[in-house]
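Please open the model in your viewer and keep the sequence beside it. We will go from stop to stop, selecting as we go.

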Amino acid sequence: MQAIVEVDGGAPLSDAVLASPVPLVLRGLVADWPLVRAARASAAQADAYLRRFYRDATVLASHSPPGTGGRIFYNDDLSGFNFSSQMVRFDQVLDALAAHLDAADPPTLYVGSTTVDTCLPGLRADNDVDLGARDALASIWIGNRTRIPAHYDVPDNLACVAAGRRRFTLFPPEQLRNLYVGPLDFT
């Protein structure tokens with residue numbers, strides 16, 4: 001197993017880093033964001049910080065009942081999914097996350113790849129990464145403990161963890177033939 005290269009996240013991002021053909025860890029890149037500072041203080045402060053930017057936006061939220069261990073996947077007979085998704089107000093997602101914060105086996109709550117400027121206008125003013133002339137889409141993922149199956153993201157990603165933890169399992173390109181993505185009409 002090859003170790004992932006770590007780059008000083010406190011240094012300005014160079015074109016070589018941003019165009020890297022291999023995954024990199026940029027530890028500390030967003031350590032000074034106000035959102036990160038709020039999250040380090042408490043979940044309640046992170047919640048309050050996000051609500052400052054909320055302006056009645058709805059988001060696509062996924063939900064599965066307790067007992068799934070946060071795994072977003074197919075149902076037992078592979079005929080559908082083990083979760084449901086619906087458009088809800090973003091503040092309702094924050095309310096539900098807060099209500100289940102200390103639960104041993106909470107329902108899974110997940111909002112993925114939601115455009116920050118639409119959902120939380122103004123958040124990027126103090127919580128953004130300078131990517132130079134690149135016109136990057138900034139999205140937010142929020143939820144409690146979730147496990148997402150192996151997948152391939154078409155655009156390059158810079159995943160910034162502002163609260164909690166995130167773990168990635170990376171597969172080398174030569175393993176693509178071994179990564180079955182499931183029924184294509186579901187994924």
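What follows is a short tour of this predicted model.

**Stop 1: the sheet**

Begin with the strands. Select β4, β3, β5 and β6, in that order. These 4 strands form an open sheet, and their pairing is antiparallel. Now look at the edges. They are β4, residues 84–89, and β6, residues 139–143, and each pairs on one side only. Neighbouring strands here are turned against each other by 25 degrees on average, direction ignored.

**Stop 2: strand pairs**

Keep β5, residues 108–115, and β6 in view. They pair in the antiparallel sense over 4 bridges. Which residue of β6 is the bridge partner of Thr 115? Select Ser 139 to see it. Then step along the pair. Val 111 has Ile 142 as its bridge partner in β6. Tyr 110 stands opposite Gly 143 of β6.

Now turn to the other neighbour of interest.

**Stop 3**

Show the side chains of β6 and look for its faces. Ile 140 and Ile 142 make up the covered face. Ser 139, Trp 141 and Gly 143 make up the uncovered face.

**Stop 4: Ala 61**

Zoom in on Ala 61, which is in strand β3. Is Ala 61 buried or exposed? Its relative accessible area is 13%, so Ala 61 counts as buried, the cut-off being under 20%.

What does Ala 61 touch, beyond neighbours within four places in sequence? Select Ser 84, Ser 85, Gln 86, Val 88, Val 93, Tyr 110 and Val 111: Ala 61 is in contact with each of them.

**Stop 5: a pocket**

Rolling a probe the size of a water molecule over the atoms shows where empty space is left. The second largest pocket has a volume of about 160 Å³. Its lining has 13 residues, of which Ala 61, Ser 62, His 63, Val 88 and Leu 109 lie nearest the centre. Colour the lining by element. β3, β4, α4 and β5 each supply at least two residues. Which element gives the largest share? It is β4, with 4 residues.

**Stop 6: the nonpolar core**

Now go to the largest nonpolar core, which has 32 residues. Select Leu 50, Val 59, Phe 90, Val 93, Leu 120, Leu 123 and Ile 142, which touch the most other members. Then show the elements that give two or more residues: α2 (34–41), α3 (43–51), β3, α4, β5, α5 (116–119) and β6. Of these, α4 gives the most, with 4 residues.

Centre the view on Leu 120. Leaving aside neighbours within four places in sequence, Leu 120 is in contact with Leu 50, Phe 53, Tyr 54, Phe 90 and Ile 140.

Move on to α2. Its buried residues are Pro 34, Leu 35, Val 36 and Ala 38. They pack against α3.

**Stop 7**

Most residues other than glycine have a negative phi.

Select Leu 78, in the loop between β3 and β4. Its phi is near 60 degrees, a positive value in a residue other than glycine. Leu 78 is exposed, with a relative accessible area of 51%.

Finish at Ser 113, in strand β5. Ser 113 is not a glycine, yet it has a positive phi of about 45 degrees. How accessible is Ser 113? At 46% relative accessibility, Ser 113 counts as partly exposed.

Key: Residues are numbered from 1 along each chain as its sequence is written. This is a predicted model: local features need pLDDT of at least 70, side-chain atom pairs count only at pLDDT 80 or more; totals for chains, interfaces and linings use all residues. Side-chain values use heavy atoms; hydrogens and water are left out. Two strands pair if DSSP finds at least two bridges between them. Axes are lines fitted to C-alpha atoms, for helices over the stretch in contact, and angles run from 0 to 180 degrees between N-to-C directions. Buried means under 20% relative accessible area, exposed over 50%, partly exposed in between (1.4 Å probe, protein chains only). Contact means heavy atoms within 4.5 Å. A nonpolar core is a set of buried Ala, Val, Leu, Ile, Met, Phe, Trp, Tyr and Cys residues joined through side-chain atoms within 4.5 Å. On a 1 Å grid over the protein atoms alone, a cavity is a set of points where a 1.4 Å probe fits but cannot get out, and a pocket is an open set with protein on both sides within 12 Å along at least five of seven lines; lining residues have an atom within 4 Å of a point. Grid points are joined across faces, edges and corners, and a volume is the space filled by probe spheres set on the points.
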